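Please read it with the sequence and the model at hand.

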Amino acid sequence: MQHYIDLSKWTKCAEGAQREIYQSPDDPDVLVKVIKARGRGERGARKSSRRLQWLRRFRRFGAYMTFRREIDEYLEQARKVNSDEIFDLPIPRILGLTHTSNGLGLLVERIANRDGTLSPTLSQLIFSGRLTANHMQLVDQFFDRCRDSHIVLMDINPGNFVITDRSGCEEIFCIDGTGEKQFFKIYASSRFLNNVRLKFAREKLLKKIARHVRVAQERQRAEQNAQPAAYPAPN
Ligand SMILES: Nc1ncnc2c1ncn2[C@@H]1O[C@H](COP(=O)(O)OP(=O)(O)OP(=O)(O)O)[C@@H](O)[C@H]1O
Ligand SMILES: [Mg+2]
């Protein structure tokens with residue numbers, strides 16, 4: 001059992017705005033998420049650059065509040081899976097907490113493709129021109145699944161969803177942003193309110209996807225215009 005991870009021996013494979021993601025050298029199915037140094041202060045306090053937010057430094061769980069929310073949501077969902085059932089939630093398994101050379105780490109299931117590479121996010125698929133109609137159907141199915149299973153989401157953006165082909169067909173996973181942000185857990189307590197929120201969350205995600213697609217197309221056009229013409233223009 002590993003009680004401490006020296007991250008200099010793990011490979012950094014991705015990062016978001018708040019966290020760095022490292023891949024295990026021994027187990028291809030395991031990632032550890034750590035809070036970036038700029039976001040955590042003395043004894044795991046939350047460091048915030050925004051004025052007026054300084055009070056948050058004194059809140060419980062400090063810089064690790066997102067871990068807490070994700071663990072809460074995972075526990076609520078995982079407890080419903082009977083021991084004779086297959087775990088097929090559209091969120092990665094949480095494997096535990098560990099101490100690392102970069103502070104406390106959240107061990108999670110690595111969502112990968114059949115070829116072993118990290119599964120791409122919806123953002124990456126858009127910007128590499130690989131977003132398909134099937135991916136959009138998977139987005140719809142994901143929100144249906146959240147409604148049926150009463151999954152609470154707090155952070156909706158295309159970088160928080162990955163598409164994997166690991167089972168032979170494409171599947172969607174929400175790898176970040178589950179759990180409730182509200183002080184009073186209204187969405188966790190009420191299916192009805194959560195369903196209303198999921199409707200807005202789906203629309204918000206679709207808008208963000210559409211915006212990303214527009215930006216990707218503009219970039220592509222700009223690149224094409226910057227390229228020299230294949231044949232010299234006639235005089
Ligand atoms: N379980 C996972 N399986 C595969 N890839 C993952 C997983 N978790 C994270 N990633 C990759 O790492 C990136 C950053 O992770 P994550 O979204 O958790 O960081 P964050 O800093 O909390 O993000 P944000 O910028 O949304 O605050 C993701 O966009 C994704 O590419
Ligand atoms: Mg993220």
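How many salt bridges does the rule find across the interface of domain 1 and domain 2? The points below lead up to the answer and then go on to the strands.

1. The model under discussion is predicted. Its protein chain holds five helices and eight strands. Read from the N terminus, these elements follow the order β-β-β-β-α-β-β-α-α-β-β-α-α. The C-alpha trace extends over about 70 × 45 × 40 Å along its principal axes.

2. Division into domains. Residues 1-110 make up domain 1, and residues 111-228 make up domain 2. To their contact, domain 1 contributes 17 residues and domain 2 contributes 23 residues. Taken over C-alpha atoms, the centres of domain 1 and domain 2 lie 20 Å apart.

3. Buried area. About 1,700 Å² is buried between domain 1 and domain 2, and carbon and sulfur atoms account for 52% of this area. On the side of domain 1, three residues deserve attention: Arg-69, Pro-90 and Arg-110 provide 39% of the area that domain 1 buries against domain 2, more than any other three residues.

4. Salt bridges and polar contacts. The opening question can now be answered: the rule finds three salt bridges across the interface of domain 1 and domain 2. A salt bridge also joins the side chains of Asp-88 and Arg-145, with a distance of 3.6 Å from N to O. Between domain 1 and domain 2, eleven residue pairs are in polar contact.

5. The contacting side of domain 1. Three elements, β2 (11-15), β4 (30-35) and α1 (65-78), each supply at least two residues of the side of domain 1 that touches domain 2. Of the elements, α1 gives the most to this side, with four residues. By class, the side of domain 1 that touches domain 2 consists of seven nonpolar, one polar and nine charged residues.

6. The six-stranded sheet. Six strands form an open sheet in the order β1-β5-β6-β4-β3-β2, and their pairing is mixed. Because β1 (4-5) and β2 stand at the edges with a single partner strand each, one side of each is left without a neighbour in the sheet.

7. Glu-15 stands opposite Glu-20 in β3. A hairpin is formed by β2 and β3, with three residues between them.

8. The pair β7 and β8. In which sense do strand β7 and strand β8 run? Strand β7 (residues 161-164) and strand β8 (residues 171-174) run antiparallel and are joined by four bridges. The bridge partner of Phe-161 in β8 is Cys-174. This pair, β7 and β8, likewise forms a hairpin, with six residues between the strands. In the turn, Gly-168 has a positive phi of about 105 degrees.

Technical notes:
Residues numbered from 1 in each chain as written. Chains lettered and ligands numbered in written order. Predicted model: local features only at pLDDT ≥ 70, side-chain atom pairs only at ≥ 80, totals over all residues. Heavy atoms only, no water. Domains from an automatic or database assignment. Contact = heavy atoms within 4.5 Å. Buried area = accessible area lost by both parts, 1.4 Å probe. Salt bridge = Lys/Arg side-chain N within 4 Å of Asp/Glu carboxyl O. Polar contact = N/O pair within 3.5 Å; in protein donor to acceptor, adjacent residues only side chain to side chain. Nonpolar A, V, L, I, M, F, W, Y, C, P; charged D, E, K, R; others polar. Pairing = 2+ DSSP bridges.
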